Amino acid sequence: MPLAYDPAENERFWERVRQLPGFPHGEEICLRYMLIESNALFRIKETLNFIGVREERPLVVVMDTTPMRRGEDDLKPLVLSVLKQAGWEVETCILQPDSSGQVHTDMPHILQVKEHLGAEKAVVSVGSGVVTDIAKHACYLFDQEHGAHLPYLVYQTANSVSAYTSNMAPTLIEGVKRTLTSRYPDALICDLETLRDAPREMTIAGVGDLLAVFVSLADWYLAYRLGMDETWTPLPELLMGPLDELLVQNAEGIRHSSLEAMALLAKLITLGGIAMSLSHATAPLSGFEHILSHTLDLQNEVRGKAMALHGTQIALATVLGAAAYHIFLERFDPKQLNCEHCYPEPESMHKLILQTFHPLDPTDRAGEECWSDYRIKLEKWFSVREKLPAFLDQWEEIRPEVAKRTRPPEQIRKMFAAVEGPTRFSELEPPFEEVEVRFAFLNAPLIRKRFTIGDLFIWFNWDREALWREVWETTQSTLEH
Ligand SMILES: [Zn+2]
């Protein structure tokens, strides 16, 4: 099955995407060249030239300290030598891990890169999602400050996350992940041999990050129908096509890291990034499963633990989110809902949030940071109050529209197992205890202004403890088989 929209067709791709409903016409999109093919590494010179970077222009190459392989070679020295041989003067900017042993997207790293930048330079990042986000956002801040546009090329080292082609940067602020407005790269290089030789877990994580759509697209649509998000368009789902069929058909190739499957996965990931960028929101690929995952990250962060691979954690969170949807779609009865009781007092929610996050951060900084975002959502919910009766009246029509955007939890688990993804939170690295997953499931809605199904369970006064037990038990028992 070919892709409906193939980003590697570049000009033709953009021409066709421009026809899609919801395309933001009149907007400058600097992402002009996406090279997704075997030995793309050796076309880096023409790619840089294509985006206007001549050999006289010094390059800042941003990398972390993780050793990477490409066939027999060390990848990073190889990329540097290809650039030098092509005639470029190269300055490296090496990102160091923090005490958890990992590099995270945070302001200190972003500012470290920014110090290397100059109007006469161009930037190449060689790395996975975090390195890309750091370099991208440093370029964005530089552009903003200098009224410039630094040419920026992303050399993607793993099919790990749908971030490489997004114009946003998820960044840690006060220990809480926030999505900052950022910019597109000008060019993307996906060298299939590099992607093939990336650690298997990273490829598996990339599949996991894509699976998010089976919760996030339902959340986004639901938000739209409730009046909580007017920005909804069908563009992301049209752009990404029948993702479940594509993943099932290519599961074996992904398992064996065939070059064809690496290309397909890279393209899907690219489409995911573009879908978010064109929507000016991460919402199409980031719903309840992502905030649940961020709440797990938050717990690791305050305990000084490393974070599990993003996409892998997302896949497991998606299974929980899909189970919650399954229950909601089956049992929600609009006739039983008393609209008067759907609007909690802001002060009581503020207290609840501080109380909830106090054990994680006794300074209450994390709690206040969560509240500052949550209150925006709550105010919005109050302001669209008059839309709720119509939503309830139309539920019979809305329900199938939501249902077709999600999938049964068992089907999602199977798709992930088909690429040898782990199926239990205890198999993640670091592993999670049930009590931590429960905390995330119940409190995720409190950390973000993004509306998700999790908010409805709170505002519609569901017995969330019972819901959690059922979600955990049903997803655990399907995992037993
Ligand atoms: Zn993600």
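Biologist: Which helix holds both Glu473 and Arg469, four residues apart?

Modeller: Four residues is about one turn of the helix here. This is a predicted model, where local features need pLDDT of at least 70 and side-chain atom pairs count only at 80 or more, while totals for chains, interfaces and linings use all residues. Residues are numbered from 1 along each chain as its sequence is written, and side-chain values use heavy atoms, with hydrogens and water left out. Both residues lie in helix α21.

Biologist: How far apart are the closest N and O atoms of Glu473 and Arg469?

Modeller: The two form a salt bridge, meaning a side-chain nitrogen of Lys or Arg within 4 Å of a carboxyl oxygen of Asp or Glu. Their closest N and O atoms are separated by 3.1 Å.

Biologist: Why does Arg469 count as partly exposed?

Modeller: Buried means under 20% relative accessible area, exposed over 50%, and partly exposed in between (1.4 Å probe, protein chains only). Arg469 falls in the middle class because its relative accessibility is 33%.

Biologist: Arg469 also pairs with Glu434; how many residues apart in sequence are the parts they tie together?

Modeller: The closest N and O atoms in that salt bridge are 3.0 Å apart. Glu434 sits in helix α19 and Arg469 in helix α21, so the bridge links parts whose separation in sequence is 35 residues.

Biologist: Are Arg70 and Asp191 buried or exposed?

Modeller: Arg70 and Asp191 make a salt bridge, with closest N and O atoms 2.7 Å apart. It links strand β3 to strand β10, and the partners are 121 residues apart. A helix is a DSSP run of H or I (at least four residues) and a strand a run of E (at least two), numbered from the N terminus. As for Arg70 and Asp191, both are buried.

Biologist: Which residues coordinate the zinc ion?

Modeller: Donors are N, O and S atoms within 2.8 Å of the metal (3.2 Å for Na, K and Ca), and water is not among the atoms, so sites may look incomplete. The donors follow the spacing D-x80-H-x19-H along the chain. At 2.1 to 2.2 Å, the coordinating residues are Asp209 (OD), His290 (NE2) and His310 (NE2).

Biologist: What area do domain 1 and domain 2 bury between them?

Modeller: The domain bounds, from an automatic or database assignment, are 7-198 for domain 1 and 215-231 + 281-480 for domain 2. Buried area is the accessible area (1.4 Å probe) two parts lose on being put together, summed over both. With 53% of it on carbon and sulfur atoms, the total is about 1400 Å².

Biologist: How many salt bridges run between domain 1 and domain 2?

Modeller: Asp373 and Arg178 form a salt bridge, with 3.2 Å between the closest N and O atoms. Between domain 1 and domain 2, the count is two.

Biologist: Which side chain does Asp455 join in a polar contact of 2.9 Å?

Modeller: Asp455 lies in helix α20, and it is buried because its relative accessible area is 0%. A polar contact is a pair of N or O atoms within 3.5 Å; within protein, one must be able to donate a hydrogen and the other to accept it, and residues adjacent in sequence count only if both atoms are side-chain atoms. The partner of Asp455 is Lys377.
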